[in-house]
Amino acid sequence: MTATRPDRATPTGEAREVPGLVESRGFNFWYGPKQALKEISLTIRPRSVTALIGPSGCGKSTFLRSLNRLNDIIPETRHTGSIRVGGEDIYAPRVDVVNLRQRVGMVFQRWNPFPRSIFDNVAYGPRLNGRPSRADLDAIVESALRRTALWDEVKDRLRQSALSLSGGQQQRLCIARALANRPEVLLLDEPCSALDPIATQKIEELLFQLKSELTIVIVTHNLQQAARVSDETAFFFLGEVIEHDVTARIFTSPKVGRTEDYITGRFG
Amino acid sequence: MAGAPAPAEQPAPPDDSPTLGGGSVGDRVYRTLTTAFAVAIPVLLAFITFEVVAAAWPALRRFGFGFLTSSAWDPQRELFGAAPMIYGTVVSSVLALILAAPLALGVAIFLSEFCPRWLRQPLSFLVDLLAAIPSVVYGLWGMFFLLPILREKVMPFLATTLGLARTPFFSGPAYGNSMLAAAVILAIMILPYISAVSREVLMAVPRSQREAALAMGATRWEMIRDAVVPYARTGILGGVILGLGRALGETMAVTMLIGNRHEISPSLFAPGYTLASVIANEFAEATNELHTSALMACGAVLLVVTLVVNGIARWLVWSVAREQKA
Ligand SMILES: Nc1ncnc2c1ncn2[C@@H]1O[C@H](COP(=O)(O)OP(=O)(O)O)[C@@H](O)[C@H]1O
Ligand SMILES: [Mg+2]
């Protein structure tokens, strides 16, 4: 596949202003006294899918939530090291967190649409960030719903409650809601773990389409899913990145024994 | 569960369904007792309603619909009309709600969203304590503290400084005893109910809803406005209704502050009357049969008003909840 295609901006210098490029350098994170992430240094290429795999409790969600600073709301947490998104140090003092979260969208394990209409859910971000005209809003909503393959299913009932949709549709609606902000990075935390195989397949197809436009980071417990959808895979273990490589290599010839143990189901 | 496998060595007794028939004597006694209590409540309600309506019947038959629309109240000449009391009951309660609901919601939002954790418990307790103060103490506090402030500060401010005296709602002399005073004391009294319920439902809003808003780039305020409060609105509405129910029936403090005058005035500075107050004031010294009957009729009307308001409120909660789902 295209996994070995070089970045447009190869590692030349410091702050590379490549939209969608995520670079973590020596990142540590603590919940109170408990260290959840240790010296995470990862580079996530723009316009690709990176899967984070590893046993439960190894810090995958914590890392994901560090990328949009959603961990900020948890009291008594701290971090060291740096994370850059599109060249910007997101933990720098004057960073606008609201703006960051618009650039870095997130989809959760348990779909969480607002108890409002389908339209209002997708229109939420654009309305929050400005006063789009009715026509603009309609266009944004339609485009987001089309990109998540929901448009044909819901176009006749945009005014109905989002909660009337099936689980898989609700999850795709949450992806559409995130896309309406036009993010450069999309984070997904086990988005399919509560979905049936058909709904899961739809979302996987979606990710394949979407990666031509943005950077996707997906946490998954499903190794087949990681193998199917991702270009690169990072294996997390006890708060550390044990191995990060092109997905094909991780699954066929891992360099580290623990990765191989996990892939082959010897633990986890 | 009916289909649960029974232990093999213990064959199930014939025709043993867990809720009907069978069981030990203790079970049977317990079931009979709880059923009796459950039945007793609607029976009691029906009995009270019947008694009240029966006692009110002479007055209701004599004055008919006029009892609800007339403002005359003259026990000597045996003229009774409850319009000012109905008006006063509804207006003071609704006004109290308008004053209390936003304040209570603000308190609840502060306690659930902004308050440092160590302060939340003690502060919540203090707010809840407002509900424990006896009504008559509120009345006394109102007479000696609230009335002077209303008379000397608030009413002149509203009338002159804000120039609201030109409207019919804030005109006339400021005695203190007034619809406004009753509404303010009621607002303070129902605030803890609304805020306690709202606080609980706000704190019960799932973290996933909060994170949904934050992850979209909402600020904390926007999260509260867009995700937390809308999600909790059915429960908040329930709290408001609880407060309204309290306000409609509240007697003592209102009686001490509303001025007790049989008159409908658009001005909130003018004295008024409520259904509960007139019963409390006059029942002990009712001069004749018809007077007693008229007071019972006031009780019946209060019962109906409360039931209607609660019915509307239930319907509101139900329809909001349904709209949220469907
Ligand atoms: N809010 C929190 N407070 C304290 N500890 C937490 C919190 N969230 C996660 N942790 C801990 O941090 C570690 C990493 O968790 P997490 O990132 O959720 O792992 P994963 O997503 O890989 O299963 C776990 O040991 C977990 O117990
Ligand atoms: Mg996780």
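A: **Two packed helices of chain B**

In this predicted model, helix 5 (residues 135-161) of chain B and helix 6 (residues 179-203) of chain B pack with their axes 11 Å apart and at an angle of about 125°. Helices here are DSSP runs of H or I with at least four residues, numbered from the N terminus, while axes are lines fitted to C-alpha atoms over the stretch in contact, with angles running from 0 to 180 degrees between N-to-C directions. Helix 5 of chain B and helix 6 of chain B are therefore oblique to each other, because angles under 35 degrees count as roughly parallel, over 145 as roughly antiparallel, 65 to 115 as roughly perpendicular and the rest as oblique.

The crossing of helix 5 of chain B and helix 6 of chain B is right-handed, a term used if the near helix is turned clockwise from the far one by less than a right angle. On helix 5 of chain B the contact is made by Y138(B), G142(B), L146(B), L147(B) and L150(B), and on helix 6 of chain B by L180(B), A181(B), V184(B), I185(B) and M189(B); two residues are in contact if their C-beta atoms, placed from the backbone, lie within 7 Å. By class, this contact of helix 5 of chain B with helix 6 of chain B has nine nonpolar, one polar and no charged residues, where Ala, Val, Leu, Ile, Met, Phe, Trp, Tyr, Cys and Pro count as nonpolar, Asp, Glu, Lys and Arg as charged, and the others, Gly among them, as polar.

Elsewhere, 17 residues of chain B are in contact with 21 residues of chain A, and helix 7 of chain B gives the most to the side of chain B that touches chain A, with six residues.

Residues are numbered from 1 along each chain as its sequence is written, and chains are lettered from A in the order in which they are written.

Definitions and conventions. Predicted model: local features only at pLDDT ≥ 70, side-chain atom pairs only at ≥ 80, totals over all residues.
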